[in-house]
Amino acid sequence: MKLATKRTLAAVGVLGLVGVGLAVHTGTGTPSAWGIADIAAICPLGGIEAAIASRTIVPPLLIGLAVVVALVALVGRAFCAWGCPVPLLRRVFGVKERPADKPRPAERDGANDSRNWVLGATVLTTAAFGFPVFCLICPVGLTVATFVALWRVFQFSEVTLSLLVFPLILVLEVVLLRKWCHRFCPLGALLGLISRLNRTFRPAVAEDACLQCAGGTCSRCAEVCPEGIDLHHPAESVSLAECTKCGECKDVCPAHAISFPFLARKKGPVSEGLPAASPSTAEACLSEDEEPVALA
């Protein structure tokens, strides 16, 4: 099974868990705020907005944010590929990413990153109006709200205007704003900032299997990466902190030279029997720290 199919099943599974929670009243919550008993976590952006809007910081909120930070430090921006409903909705609506939609390294450089500006505007508008403004148009929250509204139609025959308004906003964001994730999403910007702490499950290249490292012209991994990451030319690439662990590079690699180990080793052969990269070509296969990456 390809990772793209697994990601779709994961996103559907998240909504399925929400449905189970509604049906049997588990109280586990939604992707915007979830937990078990007294252990809870909240959308980091939503938590910050709530604290700013209420001008109150309570211990459970700090604990929830700490849980999210720890998870992002462990798996990076994996939520964007495996839990966020936007990629799922794009597949449903048949919206395919074009090469021009990918972010460029200069567009991920601090003040040049438009998502950071939207993130700043989100914080400022929340402080100005006294309520989480972005939550009104957040595609994650809107998807969950639409799902809950549909659930209430079948369970209580309750029809509200939200059944029309929420899907309409989602269509505008997913279909018309094709670059929503790369240009506008403040949640993605916040996760990107936190994921700078991430050093695990990063894509690593097996030098002795990689065709480019062996002198070939293959660049499929860079071509398919939705975040614009080029594992072979890190100095000219978007930072690995933006990796969503989607696995597109792994699926498309003809030599199966890419994997996502818990921690990648800097040196050492990958497997026996495969052609090793020569010193001249191996220099092209560098990690973000400009050191050759190989796997155990």
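Thr-200 counts as buried, at 9% relative accessibility. Buried means under 20% relative accessible area, exposed over 50%, and partly exposed in between, with a 1.4 Å probe and protein chains only. The model is predicted: local features need pLDDT of at least 70, side-chain atom pairs count only at pLDDT 80 or more, and totals for chains, interfaces and linings use all residues. Residues are numbered from 1 along each chain as its sequence is written, and side-chain values use heavy atoms, with hydrogens and water left out.

**Thr-200 and two loop residues**

Thr-200 sits in the loop between α10 and β4 (204–205). Helices (H or I, at least four residues) and strands (E, at least two) are DSSP runs, numbered from the N terminus. The side chain of Thr-200 reaches the backbone oxygen of Leu-74 at 2.3 Å. Not counting residues up to four places away in sequence, Thr-200 touches Ala-73, Leu-74, Val-75, Lys-245, Pro-261, Phe-262 and Leu-263. Contact here means heavy atoms within 4.5 Å.

Lys-245, one of those partners, lies in the loop between α11 and α12 (248–252). Its phi is near 60°, a positive value in a residue other than glycine. Lys-245 counts as buried, at 9% relative accessibility. His-256 also has a positive phi, near 50°. His-256 is found in the loop between α12 and β5 (258–259). At 67% relative accessibility, His-256 counts as exposed.

**Helix α10 and the cores**

Eight of the nine residues of α10 are buried, so this helix is largely enclosed by the rest of the structure. The buried residues are Pro-186, Leu-187, Gly-188, Ala-189, Leu-190, Leu-191, Gly-192 and Ile-194. Their cover includes α2 (44–54), α3, α4, α6 (114–129), α7 and α9.

The largest nonpolar core has 23 residues, and Leu-45 and Leu-187 have the most contacts inside it. A nonpolar core is a set of buried Ala, Val, Leu, Ile, Met, Phe, Trp, Tyr and Cys residues joined through side-chain atoms within 4.5 Å. Which helix gives the most to this core? It is α10, with five residues. Leaving aside neighbours within four places in sequence, Leu-187 is in contact with Cys-43, Pro-44, Leu-45, Phe-79 and Val-140. A second, separate core of 16 residues includes Ala-206, Ala-209, Val-238 and Ala-257.

| Largest | about 980 Å³ | Arg-7, Pro-87, Arg-90, Glu-97, Pro-226 |

On a 1 Å grid over the protein atoms alone, a pocket is an open set of points where a 1.4 Å probe fits, with protein on both sides within 12 Å along at least five of seven lines; lining residues have an atom within 4 Å of a point. A volume is the space filled by probe spheres set on the points.

The lining of the largest pocket divides into 21 nonpolar, five polar and 13 charged residues. Its largest share, five residues, comes from α5. The lining of the second largest pocket has 25 nonpolar, nine polar and one charged. Ala, Val, Leu, Ile, Met, Phe, Trp, Tyr, Cys and Pro count as nonpolar, Asp, Glu, Lys and Arg as charged, and the others, Gly among them, as polar.

Methods. Polar contact = N/O pair within 3.5 Å; in protein donor to acceptor, adjacent residues only side chain to side chain.
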